[in-house]
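Hello,

Here is the structure I promised to pass on, with some notes on its strands below. Please have a look when you have a moment.

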Amino acid sequence: MTPEMPADLTTHFTGLKFVNPFILASAPPTESKRKIMKAFEAGWGGVVTKTIGLHPVENVAGPKTIFQRVSEAKPYVSRNKRPDTVSHSSWNWELISDQPIDLWLPDLEEIKSSYPDRMLIASIMAGAGGAREMENWKKLSTACVDAGCDALELNLSCPHMDRKDMGAHIANDEQIITSIVTAVRSAVSVPIWVKLTPSNSALVDGAAAAYAAGASSISLCNTFPSLPLMDPETMKFEVEVDGLVTSGGLGGLAILHQALQRVSDISRAFPDKEISGIGGIRGFREAFNFIVHGAGNLQVCTAAMEEKGSGGIGVKLIQELNTDLSDYLERKGYKSIEDFRGLARQRIVEHSQVRRKSDAYNGGYVQSA
């Protein structure tokens, strides 16, 4: 491949053509038409909208997201600004979009008509309390697709919803996963991505239920349920309202290795299925690792939000990701990410399969007489 012919970053995922495999995840960077249009102008291949629902939500009366940092001189994790610090993680207790669907729909139409070659994925959420909620899933699905969305991402993973029949509260129930995906599949024909919580103790079983019901992809990982830190001097949490806090979501670099484990688990269980990888992507190295573990699409959030001067949508970041991926494909002689996707699968084995110092080791069992 000559320098005059840069690598083609086109990626086909769940039957959709992406100009590159990098998309913004469902989060503050995709909370409005203005931000999404700016993201497409910057070069992102797609976006997943902030989760759209039919039920009104109201966020906490204080900061919704904080960014935590660490330094070599003072190697404790804190949101406090200190010299020479680097990013550690983000923490948020945001709810889904507080913009009603009637305002979202004309925005979605305008976004898609303005950028027809970029993939617009609507994140949606309803409840699981019976037939009425299944109809709500259908209503959301149909409305977003009719407005021009290319795919849907079902939010079964938000770690801090007030209602117990929404988000991560229901992601351990395979029957509920099946019923929701089945309802949405009956209403629309576009690809359905299912975003599961990484805290699910039976994640592979949940993914199996989603795939069997008609999901085109699993999206992993949403933020991990967590608590913010308390300052030992002030005895206050680093984010709180009236001295109180509740479970939020940890994201950014701090969850990278755990996210890779979850993606690997699903990819090895279902090597022929598709996965959208999320969690700690700040550059090409992190993206590469998701790809070799089986992801065919990469979602980014924290790194985009942290980029100063970009309005939280990662203008420089997407340029860097595209350049670094293009350079890598050219150097290795690859035509696309499919040439190295999933290469790590066969090298992930059971602990007992890793060579030991002694051939006589039998796993720690007492040998019988």
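Four bridges join strand E8 (residues 119–125) to E9 in a parallel run; strands pair if DSSP finds at least two bridges between them, and helices (H or I, at least four residues) and strands (E, at least two) are DSSP runs numbered from the N terminus. This is a predicted model, where local features need pLDDT of at least 70, side-chain atom pairs count only at pLDDT 80 or more, and totals for chains, interfaces and linings use all residues. Residues are numbered from 1 along each chain as its sequence is written, and side-chain values use heavy atoms, with hydrogens and water left out.

From E8 the chain passes through helix H3 (residues 131–146) to E9 in a right-handed β-α-β crossover (clockwise from the first strand over the helix to the second, with the strands pointing away from the viewer).

On its other pairing, E9 runs parallel to strand E10 (residues 192–196) over five bridges, and Leu154 has Val194 as its bridge partner there. Helix H4 (residues 174–187) carries the chain from E9 to E10, again as a right-handed β-α-β crossover.

Six of the six residues of E9 (residues 151–156) are buried, so this strand is largely enclosed by the rest of the structure; buried means under 20% relative accessible area with a 1.4 Å probe, protein chains only. Ala151, Glu153 and Asn155 cover one face, and Leu152, Leu154 and Leu156 the other.

Elsewhere, an open sheet of four strands has the order E6-E7-E13-E12, paired antiparallel.

Best wishes

Definitions and conventions:
Buried means under 20% relative accessible area, exposed over 50%, partly exposed in between (1.4 Å probe, protein chains only).
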